[in-house]
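The report below is meant to be read beside the sequence and the coordinates. Please keep both open while reading.

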Amino acid sequence: MMLQEKADELRLETFKAINSAGGGHFGGSLSVIEILTVLLYGIMNYSPMNMNDPGRDRLVLSKGHAGPALYVMLADLGFFEKERLRELDCDGGRLPKHIDRLKVPGVEFSTGPLGQGFSAAGGMALALKHLGSCANVYAVLGDGECDEGQVWEAAMAASHYSLENLIAVVDVNHCQVDGMTNDVMDLGDLQLKWKSFGWNVCSCDGHDTEKLSSAISGFLKNKNGKPSVVIAETIKGRGVRFMEGNYKWHSGKLNESQYEEGLSDLQKGKKND
């Protein structure tokens with residue numbers, strides 16, 4: 001199966017899982033699907049069979065509220081039974097709204113407070129470098145998350161320590177919990193900003209698996225002592241027309257007609273690929 005087809009399948013399953021939980025973070029989970037698909041199914045040395053291998057790659061989903069998308073993929077890859085997706089955001093369940101490494105196999109670091117996951121990813125990369133490991137660390141951030149000063153402290157440290165084994169992908173969906181990012185805190189030119197912190201930078205369509213794969217693979221083939229970041233242009237709520245580009249669907253609950261409409265949109269999207 002092509003990565004784009006796989007992403008469409010996973011987006012539909014993520015939508016279903018969040019709705020079954022009674023609602024949740026639809027917008028950011030649907031926007032990050034291709035990014036996580038390319039990493040987990042196409043790029044990374046990462047599987048249920050090598051979780052105890054110190055040479056495995058690491059993934060840190062710093063925008064931890066997109067946990068439902070990661071859970072769906074981890075279940076699909078065999079880290080745990082798909083039946084456990086029913087526990088998403090349930091009292092006493094083992095799939096909390098924000099990802100938790102103590103409860104979910106395949107999660108490398110618990111995230112939720114924005115910025116902290118990215119700092120942890122930098123620490124992992126630094127430790128692996130000191131150990132002489134060939135493993136890479138991949139960090140996925142949101143653009144609203146880049147409001148956090150901690151992100152830029154971590155970016156500065158990664159450059160200072162020449163962490164060429166650290167690759168970040170910023171899910172730039174132009175929305176955050178309480179508005180459009182440009183209105184809440186204008187981030188300016190993200191490419192220039194990351195370059196000014198000493199990173200290799202490229203930008204691409206974050207819903208195009210081929211372009212994402214090419215961007216990340218290019219960094220891996222041409223390591224130059226710098227950390228690298230992909231600015232991935234995405235759409236909040238991708239695939240569900242009434243959610244797309246609407247910050248109010250950062251998190252929410254669907255009525256029956258909205259669910260059916262979203263389901264129809266996503267099913268049509270699969271057929272059109």
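This is a predicted model: local features need pLDDT of at least 70, side-chain atom pairs count only at pLDDT 80 or more; totals for chains, interfaces and linings use all residues.

Residues are numbered from 1 along each chain as its sequence is written, and side-chain values use heavy atoms, with hydrogens and water left out.

**The sheet**

Helices (H or I, at least four residues) and strands (E, at least two) are DSSP runs numbered from the N terminus, and two strands pair if DSSP finds at least two bridges between them. On these terms, five strands form an open sheet in the order β1-β2-β3-β7-β6, with parallel pairing. Because β1 (58-61) and β6 (200-205) stand at the edges with a single partner strand each, one side of each is left without a neighbour in the sheet. Neighbouring strands are turned by 20 degrees against each other on average, direction ignored, where axes are lines fitted to C-alpha atoms, for helices over the stretch in contact, and angles run from 0 to 180 degrees between N-to-C directions.

Strand β2 (residues 137-142) is joined to the parallel strand β3 (residues 166-172) by six bridges, and within this pairing Y138 stands opposite I167 of β3. Helix α9 (residues 209-221) packs on the sheet and touches β2, β3, β6 and β7 (228-233), its direction making about 165 degrees with that of β6; contact here means heavy atoms within 4.5 Å. Six bridges also pair β6 and β7 in the parallel sense, with S203 having I231 in β7 as its bridge partner. The β-α-β crossover that leads from β6 through α9 to β7 is right-handed, a term used when, with the strands pointing away from the viewer, the path from the first strand over the helix to the second runs clockwise.

**The nonpolar cores**

A nonpolar core is a set of buried Ala, Val, Leu, Ile, Met, Phe, Trp, Tyr and Cys residues joined through side-chain atoms within 4.5 Å; buried means under 20% relative accessible area, exposed over 50%, and partly exposed in between (1.4 Å probe, protein chains only). The largest core has 41 residues, and L36, L59, L70 and I216 have the most contacts inside it. At least two of its residues come from each of α1 (3-20), α3 (33-43), β1, α4 (67-76), β2, β3, α9 and β7. Leaving aside neighbours within four places in sequence, L59 touches L36, L39, L40, M44, L70, E108, Y138 and V140. Another core, of 28 residues, lies apart from the largest one and includes F118, V172, L187 and W194.

**The enclosed helix α4**

Nine of the 10 residues of α4 are buried, so this helix is largely enclosed by the rest of the structure. Its buried residues pack against α1, α2 (26-31), α3 and β1. In the loop between β1 and α4 is A66, which counts as buried at 0% relative accessibility. Neighbours within four places aside, A66 is in contact with G28, S29, V32 and L61. After α4 comes G78, whose phi is positive, near 95 degrees.

**Aromatic pairs**

The structure holds 10 aromatic pairs; rings of Phe, Tyr and Trp (its six-membered ring) pair if their centres lie within 6.5 Å, and planes under 30 degrees apart count as stacked, over 60 as edge-to-face and the rest as tilted. Two of these pairs are tabulated.

| Pair | Centre distance | Plane angle | Class |
|---|---|---|---|
| F15 and Y259 | 5.5 Å | 5 degrees | stacked |
| W152 and W194 | 4.9 Å | 50 degrees | tilted |

F15 in helix α1 and Y259 in helix α10 (residues 256-272) are 244 residues apart, and both are buried. W152 in helix α6 and W194 in helix α8 (residues 190-196) are 42 residues apart, and these two are buried as well. F15, F26, F242, W249 and Y259 form one aromatic cluster.

**Positive phi angles**

Most residues other than glycine have a negative phi. S162, however, has a positive phi near 55 degrees; this residue lies in the loop between α6 (149-160) and β3 and is partly exposed, with a relative accessible area of 30%. H174 has a positive phi near 65 degrees, lies in the loop between β3 and β4 (175-176), and counts as partly exposed at 31% relative accessibility.
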